Amino acid sequence: MEFFNDIFGNLIMGFGVAVSLENLVYCFVGCLLGTLVGVLPGIGPVAAIALLLPTTFSLPPVGAMIMLAGIYYGAAYGGSTTAVLVNLPGESSSVVTCLDGHAMAKNGRAGHALAISAIGSFFAGTVCTLIIAFAAPPLAEVALKFGAPEYFSLMVFGLIASAVLARGSLMKALGMIVVGLLFGIIGTDVNSGMSRFTFGLPGLSDGIGFVVIAMAFFGLGEIIKNLETPNDERQVFTDKVSGLMPRWVDVKDSAGAIVRGTFIGGFFGTLPGTGPVVASFASYAIEKKVAKDNSQFGKGDIRGVAGPESANNAAAQTAFIPTLTLGIPGSGTMALMLGALMIQGIAPGPQVMTSRPDLFWGLIASMWVGNLMLVILNLPLIGMWVQLLKVPYRMLFPAILLFMCIGTYSLNNSIQDPLLMAFFGVVGYAFMKFGCEPAPMLLGFILGPLMEENLRRALLISRGDPTVFVTRPISLAFLVLAAASLLVVILPAVRKKRDEAFQGDE
Amino acid sequence: MGSFKFRSNHQDFWAGLMFLGLGALAVYLSRDYPLGRAMRMGPGYFPTYLGWLMITVGAIVGGRSFFKDPTEEEVTTKWAVVPLALMPASVAIFALLIDTVGLVIAVAVMLLLANASVKNFRPVELIVNYIVLLCIAIFVFQRGLGVPFHTFWEESLGKAITELGALLWTPFRLMMGS
């Protein structure tokens, strides 16, 4: 009972932080920018957060995190708008929404699809805010007992699991993680003061900023890739979206799907890897199985929109659990959030909850506030988003390019960062051409220095004995989990299923 | 399973090659860093082992391509050479110009260069885009967020414009409460 009282006391304190005028404004700006980015295909959430990160440096930590979180789930909302109206997923997590969402739009029910996806997302957001509030404190308590060996093994597990759950070849995902770890070494070694991998360039002695790396791989590389195919004209399906008020019959039809989607998403979100994407696919598959009459799926069944949309929003929220409590990000976007915390001078990890309760609970409360804002704001603003969709890519990409230049320049007010971005953009494009996903690289890049430090400490404690990782039970458990998840993918039977689950995810 | 053969159209071959190259470079560069012992890891410990891990992964990824025909997704596709050259170049030119000639010219040159990758040249669109983006750069980033850009190559010329901008920007700044 005391536990519950604590949680609610903390939540109320969090709401006190979140509804201050200042933070409401940050939340609003974040949601708006996030939705904008989500609506526009061709710029993903990682690039968006990286683009806007420099502008949050001058904000207080709480405000900065609230705004970035707003961008993050705003993008998840916006992605579905594009999926329904243009049949182009704004984000990879709304790929499934295209199937039934766009079919509904063709049948003249775009408004209903958008309304139910907003309601589903809001429900999922509400439930997951509570899930985070209840799951995070006990988890953080456990994590506080972790020593260096446990942390090292946890990171190994997190990285491997993210490779297992990532799209495409497992070996290449693992390779990209190592690439990220290597990039993370560039700079001055904190322990010896030695410059590593700097090629004698003084500018590299502080390492490469994660914003630069993220913009290069997710922004610049992506733009070059998009320009490969000159498909300038986008067909916006409807000029006028009507029926935005949800109908009772729709809500009744999709209530089950929303609840199931929420819990599926809530589960997948906590796992490392592409949580929201996998969650939306899983939810769609399950809805199709559960439905008594599934003949309408793919032709505009509202449950095929409600389930996946609730799931991807739920997963987007619960992805914060490992990031906030363990300091281990599960996805590219979460890696950036973690990086943002570090820039604000806050060491991520279980101690954040006790050392900065205002930040932790304020952020959680702001998630709910943000979800509410998105529902209230988004539906009336749909008309504006539709207009935005008509901006052709040839006018959009120079803007993104310029904002990336300015963003990287403003990191240190130096021209070195944009030049580095230009270079790594080429590297990122090359990797993309060889079928290597950039997300695992970003995870490795952020975790690299932490991994080296924990490895050093663990081996120091054990006097150089590497068995320390298998003799400590928690550490062993993580390593066993890591090995098991690798085995699961390598075994052919499961591998086939995994490929099926990703089918159509193009 | 195909026969053992070199498949230059297999993405995995090139991915493996890149991993191998990076790994080899890491190991090569790390030879100068003291390895230390496990108990007291030197600065070379982590990078050296990572380098070898990278080489191993590269060998596996690249090696597989010799035994298996690429699937439809794994076939190498043509590189977009023009955007690949122009996009980084336009970022670089912006970086090289910004501290000397200022925003007005740097943004223009950047846009022209980036736009060269678009097939049909649409001057009106380009000019509209330029004006909008320049305004955002000056009023949001330079004035609003305080990024220390020059507007022109000469401070006095830029100052007159930014003063005017500040005036126009005031109501918005008040609204933001900063």
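## Domains of chain B

Chain B is assigned domain 1 (11-74) and domain 2 (81-176), with bounds that come from an automatic or database domain assignment. The centres of domain 1 of chain B and domain 2 of chain B, taken over C-alpha atoms, are 41 Å apart.

This is a predicted model: local features need pLDDT of at least 70, side-chain atom pairs count only at pLDDT 80 or more, and totals for chains, interfaces and linings use all residues. Residues are numbered from 1 along each chain as its sequence is written, while chains are lettered from A and ligands numbered from 1 in the order in which they are written.

## Overall build

Chain B has six helices and zero strands. Helices are DSSP runs of H or I with at least four residues, strands are runs of E with at least two, and both are numbered from the N terminus. The order from the N terminus is α-α-α-α-α-α. The radius of gyration of chain B is 26 Å, well over the 16 Å from the globule rule for 178 residues, so chain B is more spread out than a compact globule. The radius is taken over C-alpha atoms, and the rule is 2.2 Å times the number of residues to the power 0.38. Along the principal axes, the C-alpha atoms of chain B fill a box of roughly 70 × 50 × 30 Å.

Chain A holds 22 helices and two strands. Its radius of gyration is 22 Å, close to the 23 Å that the rule gives for 506 residues, so chain A is as compact as a globular protein of that length. Its C-alpha box is roughly 70 × 55 × 55 Å along the principal axes.

## The A–B interface

In all, 55 residues of chain A contact 60 residues of chain B. Contact means C-beta atoms, placed from the backbone, within 7 Å. On the chain A side, the elements that give two or more residues are α8 (170-185), α9 (210-226), α17 (393-412), α18 (416-433) and α19 (439-461). α17(A) gives the most, with 10 residues.

This side of chain A divides into 36 nonpolar, nine polar and 10 charged residues. Ala, Val, Leu, Ile, Met, Phe, Trp, Tyr, Cys and Pro count as nonpolar; Asp, Glu, Lys and Arg as charged; the others, Gly among them, as polar.

## A helix pair in chain A

Helices α4 (residues 61-86) and α6 (residues 110-144) of chain A pack at about 160°, with axes 10 Å apart. Axes are lines fitted to C-alpha atoms over the stretch in contact, and angles run from 0 to 180 degrees between N-to-C directions. α4(A) and α6(A) are therefore roughly antiparallel, a label for angles over 145 degrees.

Tyr77(A), Ser80(A), Thr81(A), Val84(A) and Leu85(A) in α4(A) meet Ala110(A), Ala113(A), Leu114(A), Ser117(A) and Ser121(A) in α6(A). This contact has six nonpolar, four polar and no charged residues.

Conventions:
Two residues are in contact if their C-beta atoms, placed from the backbone, lie within 7 Å. Angles under 35 degrees count as roughly parallel, over 145 as roughly antiparallel, 65 to 115 as roughly perpendicular and the rest as oblique.
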